[in-house]
Each structure stands twice: as C-alpha cells, then as structure tokens.
Amino acid sequence: MALQEDNLWYKDAVIYQLHVRTFCDSDGNGIGDFQGLTNKLDYLQELGINALWLLPFYPSPLRDDGYDIADYTSVNPTYGSVEDFKTFLTAAHNRHIRVIIEMVMNHTSDQHPWFQEARSSRDNPKRDWYVWSETDTRYQGVRIIFLDTEMSNWAWDPISKSYYWHRFFSHQPDLNFDNPAVREAMWDVMKFWLDIGVDGFRLDAVPYLVERDETSCENLPETHAVIRDLRKRLDLAYPGKMLLAEANQWPADVRAYFGDGDEFHMAFHFPLMPRMFMAVKLEDRKPIIEILEQTPQIPDNCQWCIFLRNHDELTLEMVTDVERDYMYDAFANDKAMRINLGIRRRLAPMMENDRRRVELLNGLLLSMPGTPIIYYGDEIGMGDNVYLGDRNGVRTPMQWNGGWNAGFSSADPERLYSPLISNPVYGYQAINVDSQRRSEHSLLSWTKSVIQTRNSFRVFSRGSIEFLNPSNHRVLAYVRQLGEERVLVVNNLSSSAQAVELNLQSYKGHIPIEMFGRNLFPRIGDLPYLLTLAPYQFFWFRLRRI
Amino acid sequence: MGADLYLAEDTLLGDDFLRQLMSVGEVDLLVAIPSYNNASTIKQTVQAVEESYQQNFIRERVVILNVDGGSTDHTTDVVSTMDGRRNVGYRGLTSLRTVHRVTTQYAKSPSPGMALRTVLATADLLRARSCAIVSPTTTNLDASWIANLLRPAYRQNFEFVAPLYARSRYQGLLARNLLYPMSRALFGRRIREMYSEEWGFSGRLATQCLSQNVWNDEAIRVRPEAWMALTAICSDFKCCQSFLGPRLPPAAAGGIDIVEAIRQTVSSLFRYLEIYQDHWLDRTGSQEVPTFGPDHELSADGKPSNQEKIFGMFRNGVAELDPILASILTPDTHAQIKEIATLDPSSFRFGFELWVKTLYEFATSYHHAVINRDHVVQALVPLYRGRMYSFFLEHADSSPEEIEADSEILCLEFERQKPYLVERWKAKS
C-alpha cells in the first residue's frame with residue numbers, strides 16, 4: 001500500500017519516537033532490533049501514529065547512545081542489517097507510517113574511520129575534515145554544553161599532538177563544514193538512506209556546524225548556508241522528504257532555521273516544552289502564553305515540532321534561572337533526577353502518576369500548533385530509573401506485558417541491555433501494553449482515542465490559533481481554525497474545579513460539539529460562554545454553525 | 001456617612017467583583033490599596049507592589065486589590081488599565097505566575113472601615129495567606145516595604161505586622177506621647193505604630209476580624225487599623241513589627257490637622273478600650289514583640305513650628321473649656337492643669353505623671369459618657385497641645401537617644417498608673 005503523496009505530510013504527522021534497542025528483541029540477545037520493531041508495527045498502527053522517528057541505529061561505540069556514529073551507511077549489527085532495515089521500512093510504509101531517521105552531522109565518533117585517518121598524521125587528506133588547533137584557547141567563551149562531564153570544548157589528541165574541537169563529548173570530534181569534501185560526504189550519506197526510502201531526517205545539533213572566531217559558534221550564517229545547500233539538493237532530487245532541526249534555542253533564533261522556507265521543514269520548539277510542565281504545576285497559563293507570544297511566524301511550508309518528553313533530559317536551557325530553579329524544585333527535588341541543565345525523568349513519574357495531569361499534558365501536546373511527538377512508553381505511562389546513569393533511566397525496555405522480561409526479550413534478564421523498570425508502581429507487571437489493551441479506560445486506550453480524534457481533523461495540524469485569554473488565568477483556551485473548520489480547546493490547568501467565561505462573540509450562533517463524546521453544548525449567544533471544568537479537565541469542541 | 005452605606009452581608013461583594021475573584025482563585029499574597037481620588041499617585045503604588053512581587057515572590061500566587069471609596073477622578077481606571085504585560089525591569093526577574101490586579105468600588109464615599117471589610121472579605125474568599133494594606137498617598141513607598149509587610153505572616157506565621165518608620169524628632173508626636181504608650185500599657189504589647197496606613201496581617205486574622213459584628217461601630221469605620229492590631233493582641237495571635245523606612249507625607253497635604261487626628265485616633269482608642277475591656281483590665285506590664293529591622297530610627301532633623309501659638313492654644317483651651325474639663329477630670333487633676341496653664345512659657349512643663357493621669361481620666365469619662373463623647377475627645381485637643389509644647393521644651397537640645405529614653409519613661413508611667421485607670425473604669429461600670 002503506497003503512502004499518500006503529500007509533500008506537507010509532516011504537518012499532519014503524529015510522530016512516535018523510539019530507539020530500536022529499546023522496543024523489541026526478536027533474537028533473544030537482550031537488545032531490541034529491527035526484526036522486533038517490524039513485529040510491533042501493528043501496535044504502532046493501532047496506536048494511530050503515522051510517523052516514526054528512530055534514534056541512531058548506526059555502528060557506534062555507544063558512548064552517547066548512538067549519537068557517536070562510526071559508520072553512517074550501515075546498521076549496527078546488534079540491531080540487524082541494512083536489509084532488515086529495508087524490510088522494516090517497507091512494512092512501516094505499508095501501514096502508512098513514515099520513517100524519520102537520525103542524521104548526526106555535527107560530529108562523528110572518534111572511532112569513525114574518518115577521524116582515525118585524520119588523527120593519523122597532519123598530512124592525511126582527511127585531516128581537514130575535523131577542526132584542529134595547536135592551542136585550546138581558540139573560540140574562547142563558547143559555552144560548554146555537557147557541563148557535568150566536559151571541562152573544555154577542546155580535547156588533546158595524543159596521536160597527532162594537537163587539539164580537536166568538540167561541542168559535545170570529547171569522544172565526538174566536530175566535523176569541519178568549511179571543508180567542501182565534508183559537505184559532499186554528508187550529502188552522500190543522506191542520499192544512501194533516501195534511496196532506500198526513508199522519509200526524513202532529524203538533523204542533530206544543527207546550530208554548531210560551523211565555527212568562527214569572536215562568535216558563540218552557534219547559529220552562524222555559514223551554518224545556515226550549509227543547510228540551504230542540503231535542502232536545495234534534497235528538494236531537487238527527493239521531493240517530499242523532510243528535514244527536522246534539533247536546535248535547542250529560543251524561538252527567534254530557531255526561526256532562522258526555517259529560512260524562507262528553504263532550510264528546515266520542521267524544528268523543535270524546545271522552550272515550549274518545559275513551560276507546559278511549568279504551567280500545569282503553577283496552575284497558570286502565563287508561561288505558555290508568554291513563550292508562544294514570543295514565537296515568530298514561520299513560512300507556510302514549515303511546522304514546529306512539539307513534545308513533552310524524549311530520550312534526553314528535559315532540557316532547561318531555554319528557561320530563565322528562576323524558572324529553572326522552580327522546575328528543579330517542582331520536578332526534580334532528588335538530585336539524582338538532574339543531569340546537565342535538565343531533568344532525566346519520564347512523563348508519568350513527573351506527574352506523580354496522576355492520570356488527569358498526564359492526559360491534560362497530552363491534550364495540550366495534541367491540540368496546540370505543531371507536529372506532536374510521543375516518546376515510546378509514555379502512551380502507557382511508563383516509569384523511569386534515575387539511578388541508571390546518564391539518561392539511561394528513560395531508555396529502559398518497552399513494557400509489552402507482565403511476563404518474562406516484560407515481553408521485550410526472551411533473553412536471561414541479566415543479559416538485557418538495561419534493567420527493566422520493576423518497582424511496584426511503574427514496573428512492567430503493573431504498567432504494560434497487554435494489560436492496558438484489555439481496558440477501554442486505560443491510558444493506552446485513551447491515547448489511541450485522542451490521537452484518532454486529532455487525526456480526524458486537519459485543523460489541529462494545519463490550523464491557526466487564537467488565544468481567548470479569559471480572566472481566569474488557570475484556564476488556557478484557544479480556537480484552532482482552518483477554513484470553515486473550527487475547534488475550541490479549553491484546558492483547566494489547575495488541581496481544582498474552575499469556572500470560566502469565554503468571550504466567543506466571534507462565534508455567535510455556533511454550536512459547540514464535544515469531540516470525544518460528540519455531545520452538543522448550548523449554542524453560543526451574546527453572553528460570555530460559561531463553562532465549568534473539573535480539576536485538570538480539558539474540552540475539545542468542534543464549533544459548528546448548523 | 002450614614003448607615004445606608006453598609007451593604008448587607010450577601011451583597012458586600014458585587015457580582016462583577018466576585019467574577020474577578022473567581023478568575024483570581026486562591027492566592028498566597030494579597031496587597032490591598034484603598035483609594036479615594038488618588039489617580040495621580042496610585043500608579044506608582046501599584047508599580048511598587050508589582051515590583052515587590054517580581055523581586056521577592058516570584059513563585060507565589062499574588063493579587064493586587066484596589067478598593068475604592070467612590071473616586072470621581074477615575075482612580076480605578078488607572079489601576080485597571082495599567083500595562084500589565086511582562087515586566088522584566090528588575091534584574092530580569094518576572095513573576096512565574098500571572099500578577100492579578102482587581103478593582104472594586106465598595107461605596108460612593110470613602111470609609112476606611114468599609115474598605116477594610118472588603119479587603120478582609122476578599123482575603124477570606126481567596127484564602128490569602130499573607131496580606132498587606134498600603135496607601136496610595138505614601139509617595140516614597142517602595143518594593144521593600146511590601147516585602148517587609150508580607151514576609152512575617154507568609155514565612156514566619158505572624159498574624160499582625162505593624163510598620164515601623166524612620167522619624168525625625170518632631171514627627172509622630174501623637175503616637176509617641178499618647179497612642180503608643182497608652183495602648184502599650186493597657187494591652188501589654190509594645191507595638192509602636194498601631195495607627196498607620198500601612199500594615200500586614202495573616203489570612204487567619206482577616207477571617208477572624210471579618211467574622212466580628214463590629215462594622216457599624218464608628219471607631220472601626222474611621223480608624224480600623226488599630227482595631228485589627230488589638231484584635232490580634234487580644235486573640236493571643238503572634239504580632240511583630242517590621243521596619244519600612246522614612247515615611248514622607250503626601251506631597252499635596254497641607255500639614256497635619258491635630259484636631260482631626262485626635263478625633264479619629266483617640267476616640268477610636270477609647271472605644272477599643274470598651275470593646276476589649278475584658279482583655280486589658282487585668283493585664284499588667286508589657287512585652288516586647290519581635291521586630292524585623294531596627295525597632296526605631298529617630299533623626300535629629302526638624303524644627304518645632306509655631307511653639308508660641310501652640311502654647312497659646314493650650315492656655316486658651318484650658319480657660320475656655322473650663323466647665324467641660326471640670327466634668328471630665330477630677331478636681332485635683334483639673335486644678336493642676338489650670339495651674340500649669342499659668343506658668344511662664346519658658347518654664348512650662350506638662351509632666352508625665354499629670355499627663356498620664358489626665359489621659360486616664362479622659363478615658364474613663366469617655367467610657368462613662370459623662371458628657372457627649374465627641375466633646376470629651378475634643379476637649380483633649382488643647383491639653384495635647386500643652387503636652388506638645390512641653391515636649392518641645394524638654395527636648396530642644398536632646399539627642400535622638402535621649403528622646404527615646406524619655407519616651408520609655410513615659411511608657412513606664414502609663415504602666416505604673418494603670419491601676420488608677422482600672423479603678424476608675426470599674427467604678428461606675
């Protein structure tokens with residue numbers, strides 16, 4: 001079954017993010033693989049998602065969860081082969097699920113042959129593929145991202161006796177994008193996967209591609225030029241394919257990565273994510289409204305990507321110091337929950353397993369402008385293990401059932417790539433797909449329902465947004481509109497019941513139809529529209545003029 | 001102001017105002033600004049409160065409440081139309097939550113008691129943990145004042161927070177010579193400023209005060225702040241003082257009207273003695289209350305004005321009010337006052353012993369209503385002027401420390417003579 005041809009498909013996507021390693025192990029070695037993932041595609045189709053974002057699956061020393069790539073055009077043997085990937089890709093497409101893969105352009109592993117050659121001698125042709133220096137004082141003042149582990153952005157290479165530049169871990173040397181050969185090599189990598197049939201790339205660490213003296217070495221015009229060149233080639237040779245930017249920056253800075261619609265198709269809206277959590281904790285819409293007011297318009301062919309949780313820590317780089325302190329106090333009072341400038345926890349534990357808050361946040365995610373991303377396991381409310389080190393606590397095996405290894409693998413438990421979550425609250429015996437499939441009231445069933453509703457109305461994915469700003473600040477209300485299709489969304493961010501009066505004068509005469517139960521509500525008249533909401537309740541109303 | 005100004009309990013808060021409160025919801029902090037034709041100054045008051053919220057209470061749920069007594073200069077419009085958008089003016093800090101601003105007009109003419117009742121009802125409904133009241137006429141109010149008034153109740157479980165001001169030696173003489181020492185001696189707490197336009201209190205005290213059926217009492221309608229302090233004291237609530245700084249008089253004020261000040265404060269104090277007589281009659285001595293910041297700050301600045309005129313008014317008053325004073329005071333006290341009124345201005349003294357005895361006799365005469373109570377209080381005015389003049393002479397060359405030491409002696413004299421007051425108070429009751 002062919003995918004529908006629509007070059008703007010990414011706007012209507014509901015993306016599910018997973019790491020092959022974590023999802024399903026088909027060969028009993030304790031590590032998830034493509035065969036296992038392929039076997040679980042029915043589940044993902046049933047969930048209602050229509051795009052998959054796969055974390056790096058390339059050969060790698062795995063010192064940064066695969067973001068340290070040692071070979072860009074192959075599959076890590078523990079996950080399968082390129083053939084296995086092709087099989088998976090076809091099966092996904094057959095289920096109308098597009099596949100987005102990782103493109104880690106900024107750096108390679110220090111085990112990549114390119115770097116091995118580059119460091120072997122100063123005269124090696126690959127030498128100039130990386131950024132070298134005789135001193136570690138160049139680009140002084142450039143911030144260090146992994147503050148917990150790195151002291152400098154320069155690392156000493158004892159083989160070639162010089163320093164190499166790395167914005168992330170010291171085992172991840174940055175590529176030199178001033179070198180045309182590097183740019184050509186990366187395009188070759190992309191072509192390799194595009195020819196196989198992938199639908200898009202999530203480009204990692206985009207702002208750091210190019211370095212210049214006397215700058216922050218972030219968001220430089222030269223970096224944008226690299227992106228524009230890639231996009232041009234992509235549109236010419238592979239129309240309908242998508243580029244997604246990882247640029248953990250303020251919206252005004254990220255805006256530049258959309259260019260004039262000629263750089264990225266999509267970019268993550270990083271600052272919105274912590275503010276959704278903050279708004280619910282503060283019981284005040286202010287953080288969300290403020291950041292969206294600061295979010296510039298983007299070209300028509302572009303889209304924000306929004307998310308609640310992902311494989312990394314809940315990043316708090318794009319908040320003020322005061323907001324960061326609040327987030328730590330509210331969600332990470334145990335120091336073990338913190339890493340770098342963020343919080344290494346999953347959605348459900350952060351919400352203290354409060355189903356109402358989990359649903360409210362998902363409701364926000366799925367009704368605000370942007371393409372939503374659901375992190376694997378969050379649809380069933382999986383827990384985390386903050387004591388596993390790095391961010392491994394949110395990367396534990398998917399919990400399929402309450403049996404052997406949670407149905408993830410037939411291996412001995414000791415052989416699993418990571419311990420399962422096994423505590424009484426979030427353990428696989430309590431939280432798993434099979435048990436939630438059996439109940440139409442489970443979080444999984446609810447998630448399916450809300451995704452299905454979203455997918456049924458294109459207004460969610462492509463519509464405009466108008467905030468209503470009722471005087472009750474605990475209520476976040478907005479109208480999404482696309483042509484004649486209008487949806488009113490009303491969210492109670494508070495832990496107590498709220499009454500709210502909405503100024504819906506512009507929609508006088510419309511009948512609100514609650515979208516989950518399809519019940520009619522009183523017609524909108526001249527008076528402010530009064531609604532009462534239970535704690536953390538939200539409504540989606542279709543506004544119809546009949 | 002007539003009784004018709006008072007709304008029934010169920011309409012104390014109008015529907016529009018209630019709607020605003022619904023939107024605010026529960027709060028941690030509430031700062032109220034009673035107003036009446038303060039359009040020219042209230043903006044800076046609101047800004048000071050917002051700045052304080054942003055500096056000191058970034059995470060808290062907060063509200064600014066303007067209760068207006070029927071302004072005709074659009075004071076409430078100034079408050080409600082001020083730019084309320086994100087203000088990052090102070091070191092980039094901004095409140096995490098919405099800073100709410102609500103306004104209500106409680107009557108068509110001003111009444112401090114009615115304003116306070118509205119504030120208390122709001123605090124009670126919103127379950128505010130800590131509240132403060134500030135005046136839009138205080139031209140030098142700044143963000144630190146707000147924090148100093150709110151913090152003790154919010155962070156340290158105090159129920160009433162009295163302000164302390166830096167004074168020049170001739171400021172606050174009514175408090176220094178009468179209100180403070182007398183209320184201290186009677187109620188047993190050393191709170192210097194019970195009559196002020198700024199103070200703080202807990203939500204618990206707000207609820208306690210709101211529940212009392214006192215709102216038609218003239219004293220509470222006119223000067224409710226001391227009643228609130230005394231309610232806290234008599235309920236054994238934790239009280240404290242918080243230093244704010246110098247308080248500049250309103251720029252437009254034409255000087256302090258002693259007659260009106262005494263009419264309001266002294267008559268209310270005398271009235272409170274009746275309301276709370278069960279609490280003070282058997283109480284002896286006085287206790288310090290915790291104080292944040294210096295417990296006083298007195299500068300040597302300032303000059304007494306119109307000394308001769310003040311003395312003349314004292315002397316004339318004693319003569320003109322002789323029959324009234326005769327009905328208020330004991331013959332012995334009356335005679336002593338008449339005697340000092342004959343003294344040469346340069347050697348005049350209205351000593352502590354006589355001053356305290358005089359006041360206690362005024363209080364009992366007020367209590368027993370020997371004559372019209374308003375006349376009792378008005379008759380005190382010339383005698384207070386005599387005490388003022390005496391103060392000027394006694395402290396012409398005193399240092400601030402000497403003035404403070406002398407004030408302490410006066411306080412102790414009030415405490416020493418308290419049995420005399422109790423005896424007379426009980427005599428006819």
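Where in chain A is the place of A:Asn405? In this predicted model, A:Asn405 belongs to the loop of chain A between β14 (371-375) and α14 (433-437). Its phi is near 50°, a positive value in a residue other than glycine. A:Asn405 counts as buried because 21 other C-beta atoms lie within 10 Å, where the cut-off for a buried residue is 20 or more.

A positive phi also occurs in chain B, at B:His74, where the angle is near 65° and the residue is again not glycine. B:His74 sits in the loop between β2 (62-68) and α3 (75-81) of chain B. With 12 C-beta neighbours inside 10 Å, B:His74 is classed as exposed. As background, most residues other than glycine have a negative phi.

A further loop residue is A:Glu150, placed between β4 (132-133) and β5 (154-157) of chain A. A:Glu150 is partly exposed, since 16 other C-beta atoms lie within 10 Å. Beyond its neighbours within four places in sequence, A:Glu150 is in contact with A:Ile144, A:Phe169 and A:Ser170. A:Phe168 is 18 residues from A:Glu150 in sequence, and their C-alpha atoms are 7.9 Å apart in space.

The table sets out the exposure of these residues.

| Residue | C-beta atoms within 10 Å | Class |
|---|---|---|
| A:Asn405 | 21 other C-beta atoms | buried |
| A:Glu150 | 16 other C-beta atoms | partly exposed |
| B:His74 | 12 C-beta neighbours | exposed |

The two chains also meet. Chain A gives 14 residues to the contact and chain B gives 11 residues. On the side of chain B that touches chain A, four residues are nonpolar, four are polar and three are charged.

Methods:
Residues numbered from 1 in each chain as written. Chains lettered and ligands numbered in written order. Predicted model: local features only at pLDDT ≥ 70, side-chain atom pairs only at ≥ 80, totals over all residues. Contact = placed C-beta atoms within 7 Å. Nonpolar A, V, L, I, M, F, W, Y, C, P; charged D, E, K, R; others polar. Helix = DSSP H or I, 4+ residues; strand = E, 2+ residues; numbered from the N terminus.
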